[in-house]
Amino acid sequence: MKHSAFSLRLAAILLVTAIVAGCSTTRRIPADEQLYTGVKSFDVKKDADGQPFPGDVRDELYQAVAVKPNNALTPSFRYPFPLGLWVYNNWPDPGKGLVKWLRGKLVAEPVLISDVRPEVRTHMIDELLDNNGYFSGHASYEILTQKNKKKARIAYTVEPGAPYLIDSIILLPDTTRLYHLIDSVIGKSKYLVPGTRFSTDSLSALRIHIANAVRNRGYYFFRPDYITYLADSTLQRNRIALKIDVADNTPALALREYRTGRVTTYIYRNDGTGTPDTVMTDRGEIIRYMPSRLRDGLVPSCISFRKGRIFSVRSMNNTQTRLSRLGIFNDISIGVSRDTTDIDSDLLNVDIQCTYDRPLEASIEANVSSKSNSYLGPGITLGITNRNLFGGGELLNVSLTGSYEWQTGRNRGSVFNSYEVGINATLAFPRLLAPHFIPRTRRDISWTRLSLGADLLNRPHFFKMSQFNAGIAYDWQSSRYISNSFTLFKLTYTKLQHTTAEFDSIMAANPAIALSFQNQFIPQMSYTFTYDRVANRRNSLNIQFTLQQAGNIFWSIYEACGKHGEKTLFKTPFSQFIKGYAQIVWNHRMSRYRDIWLVSRLASGAAHAYGNSSQVPYAEQFYAGGANSVRAFTVRSIGPGSYHAPATLKDAYFDQTGTFIFLANTEFRFPILGPLHGATFLDAGNVWNLKYDPARPGGQLRGRTFFRDLALGTGVGLRLDISMLVVRADLGIGIHAPYDTGRSGYYNMTSFRNSLAFHLAIGYPF
């Protein structure tokens with residue numbers, strides 16, 4: 001009875017709350033206060049010279065007034081249901097119990113004009129104007145009372161005045177090596193150039209730039225605040241003469257140039273035990289706590305310091321990075337101290353401390369997928385990693401994957417439809433296992449990876465296929481922004497173990513697809529080039545290009561031995577093709593202080609079979625649609641070209657691949673609340689065949705129909721960004737299908753409902 005009474009009471013409270021939803025949200029606002037309802041306007045005038053105000057500075061000023069009102073989407077826009085205010089005004093605090101907890105979750109304290117303090121915010125804008133060279137600028141505000149006298153918005157106006165420009169720069173006298181270095185850095189810097197607008201942010205950035213540069217030239221104790229500026233604006237109107245100096249209170253230690261002294265590396269066991277064992281190397285003294293399985297040259301190869309050389313902070317960073325990338329330590333610290341054996345010594349001793357990570361690590365990963373071919377099901381991956389397997393930083397990873405799927409919708413058959421299991425092992429060495437004449441780079445750790453794997457895919461309605469692969473690959477960093485991956489050799493063997501009559505009928509209708517499914521070896525060699533650079537805090541560029549070939553070496557050996565015609569490996573044909581893929585991804589941050597991005601991708605690829613093969617293997621062909629492609633269409637539901645499988649053909653996705661692909665995507669990403677972000681996007685793309693296929697009319701790549709064959713879609717999405725994991729949900733909306741839908745015009749979707757496609761995925765699409 002008590003439980004029923006409580007339930008009725010709670011229901012009554014919620015009902016009363018709903019009834020009073022239309023009541024005033026200002027009933028409890030004090031008589032001398034007003035409810036803040038947002039920023040009405042933020043008007044920044046042109047400067048005194050009639051020039052538009054810089055957008056990045058405007059963003060900075062806006063942050064000073066960007067106070068969100070109750071139930072706000074942005075500081076200027078509110079959603080129409082102020083639930084928190086309704087609860088605050090109409091639901092008295094019960095004092096205890098579940099009702100108090102529920103009220104606490106729903107209630108929102110009103111944001112008042114007095115809380116916003118617009119007079120303080122205009123003063124903040126005045127200071128920001130001064131910091132950006134607008135010394136005669138001024139900001140004002142107006143409180144705009146609404147029909148309800150207890151509600152008000154705020155309008156801000158900024159009169160920037162004329163900007164002050166840097167007229168001349170007086171450098172340090174070239175009397176010491178330190179002063180010469182500082183002057184050289186300033187001369188090459190983009191932060192301080194005569195004729196540019198005065199900005200304290202630029203001066204602060206230059207301080208940091210100078211300190212970083214001289215600390216890499218031996219002046220380890222130099223700090224940014226040791227650089228001072230003297231600005232004189234009295235010599236010429238709206239012009240500033242700037243003088244650079246070193247602060248009078250700069251300690252003598254910061255003015256001295258240091259060289260590297262003793263370098264000692266300590267390697268501790270993860271349990272804190274062991275007996276120290278000392279080894280002298282050309283990179284300093286190594287003290288290992290035994291027992292410890294470690295190749296003698298591994299840690300020294302990661303140390304950038306050299307005794308007697310000019311001390312550089314860059315050497316600290318490089319050493320830290322290289323030791324971290326070995327993957328065998330869970331804690332690495334580098335300490336620097338002056339050599340105390342001689343008080344006049346200009347030597348810095350370095351102590352490096354490394355603690356082993358646990359040698360074995362197990363992991364488990366689960367996922368749920370929904371696929372365009374009406375399959376739905378979970379998967380699981382079990383993995384185990386052994387670090388430092390042979391004492392040289394080797395990483396052995398073994399993973400067991402398994403997934404099953406059942407079919408939903410009209411085409412569902414048995415309850416248990418499909419499964420896939422696989423085991424893969426990778427052994428990675430933190431060095432190049434290659435002939436010595438191949439040049440090595442000491443910029444970063446190079447890796448050699450040996451791989452071995454097997455997979456079994458069972459589609460009960462169609463086929464059972466097994467696949468085995470083995471390979472060797474090299475990864476290395478050739479410059480700060482360029483990384484390379486070269487697969488010296490990878491051999492894949494695919495075998496159809498069983499097929500059904502339905503699958504055989506599909507293959508009989510399309511011999512080209514059937515050839516791509518045949519039992520075959522795929523001996524490959526590939527190279528991937530990646531250029532990844534963050535130009536500044538607002539722009540980044542990623543360029544990736546992959547070129548792979550299969551079968552050429554084996555074909556050449558057979559030809560050299562006089563064997564012509566079809567060639568086999570262990571009495572099984574091997575595939576011969578060439579394939580290339582390239583993509584460019586550009587990221588632009590549209591606001592300096594807000595996480596708003598415009599991200600665009602342009603990608604294209606082609607594959608061509610020749611010699612020993614007439615078709616590219618099915619697994620190596622391209623497909624369009626899905627969560628990472630044209631999101632208004634499901635996976636393998638478009639292409640090749642304008643071809644569209646007849647409605648009577650069941651599971652036509654076998655046909656939806658091609659040997660040429662083109663994709664163009666752009667996505668606008670913005671924050672919503674905390675880790676929740678939103679996106680709007682526009683996608684275009686398709687796949688084509690480079691060779692004519694009579695079974696798929698309209699599928700061949702042709703210049704005159706290229707743009708008409710591009711599928712086009714837009715849509716909206718949500719992203720939950722939780723640290724290293726991003727969960728993404730996208731709703732695509734079709735605009736143009738590349739095939740005949742029965743409707744004329746560019747917008748040829750049969751209905752709005754049929755133009756929708758929903759995708760749930762992990763990670764960003766590009």
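1. Contact here means heavy atoms within 4.5 Å. Setting aside neighbours within four places in sequence, glutamine 524 is in contact with Leu488, Phe489, Lys490, Thr492, Gln548, Gln549, Ala550 and Glu620. The residue sits in strand S19, which covers residues 520-536. Glutamine 524 counts as buried because its relative accessibility is 9%, and buried means under 20%. Its side chain also makes a polar contact of 3.4 Å with the side chain of glutamate 620.

2. Now the overall picture. This is a predicted model. The protein has 766 residues, and 43% of them are buried. Its secondary structure comes to 12 helices and 29 strands. Among contacts with a separation of 6 or more, 63% are between residues 24 or more positions apart. The accessible surface is about 39700 Å², and carbon and sulfur atoms hold 58% of that area.

3. Helix H7 runs over residues 177-188. The helix has 12 residues and reaches 17 Å from its first C-alpha to its last, close to the 16 Å expected at 1.5 Å a residue. Its buried residues are Leu178, Leu181, Ile182, Asp183, Val185 and Ile186. Their cover includes helix H8 (200-215), strand S5 (227-232) and strand S6 (239-246).

4. Arginine 117 lies in the loop between helix H5 (113-116) and helix H6 (118-131). Its phi is positive, about 55 degrees, although arginine 117 is not a glycine. With 46% relative accessibility, arginine 117 counts as partly exposed. Arginine 121 belongs to helix H6. Beyond residues up to four places away in sequence, arginine 121 touches Ala64, Val65, Val67, Val116 and Tyr156. Arginine 121 and glutamine 63 are 58 residues apart in sequence, yet their C-alpha atoms are 9.6 Å apart in space.

5. Phenylalanine 570 also has a positive phi, near 55 degrees, in a residue other than glycine. This phenylalanine lies in the loop between strand S21 (568-569) and strand S22 (572-573). Phenylalanine 570 counts as exposed, at 68% relative accessibility.

6. Two cis peptide bonds deserve a check by eye. One runs from methionine 290 to proline 291, with omega near 0 degrees. Proline 291 is in the loop between strand S9 (284-290) and helix H9 (313-325). Another joins glycine 639 and proline 640, where omega is about -5 degrees. Proline 640 lies in the loop between strand S24 (597-609) and strand S25 (660-673).

7. Salt bridges come next. The structure holds 21 of them. Aspartate 296 pairs with arginine 288, and their closest N and O atoms are 3.8 Å apart. Aspartate 296 is exposed at 59% relative accessibility, whereas arginine 288 is buried at 10%. In another salt bridge, glutamate 559 meets lysine 567 at 2.9 Å, N to O. Lysine 567 has a relative accessible area of 2% and so counts as buried. Glutamate 559 counts as partly exposed, at 25% relative accessibility.

8. Which side chains meet aspartate 683 and arginine 631 in a salt bridge? They meet each other, at 2.9 Å from N to O. Aspartate 683 is in strand S26 (residues 676-688) and arginine 631 is in the loop between S24 and S25, so the pair ties together parts that are 52 residues apart in sequence. Aspartate 683 is buried, with a relative accessible area of 0%. Arginine 631 is buried too, at 0% relative accessibility. Both belong to a network of salt bridges that links Arg631, Glu667, Arg669, Asp683, Arg719, Arg728 and Asp730.

9. Last, the surface. Val716, Leu731, Tyr747, Phe752, Leu756, Phe758 and Leu760 form a nonpolar patch there, with about 670 Å² of accessible area together. Which strand gives the largest share of the nonpolar patch? Strand S29 (residues 756-762) does, with 3 residues. Phenylalanine 758 has its place in strand S29. Why does phenylalanine 758 count as exposed? Its relative accessibility is 55%, and exposed means over 50%.

Key. Residues numbered from 1 in each chain as written. Predicted model: local features only at pLDDT ≥ 70, side-chain atom pairs only at ≥ 80, totals over all residues. Heavy atoms only, no water. Patch = residues over 30% accessible without salt bridge, like charges linked within 9 Å, V, L, I, M, F, W, Y side chains within 5 Å. Areas by Shrake-Rupley, 256 points an atom, 1.4 Å probe, with all protein chains shown as cover. Salt bridge = Lys/Arg side-chain N within 4 Å of Asp/Glu carboxyl O. Helix = DSSP H or I, 4+ residues; strand = E, 2+ residues; numbered from the N terminus. Buried < 20%, exposed > 50% of the residue type's maximum accessible area, 1.4 Å probe, protein only. Polar contact = N/O pair within 3.5 Å; in protein donor to acceptor, adjacent residues only side chain to side chain. Expected span 1.5 Å × (residues − 1).
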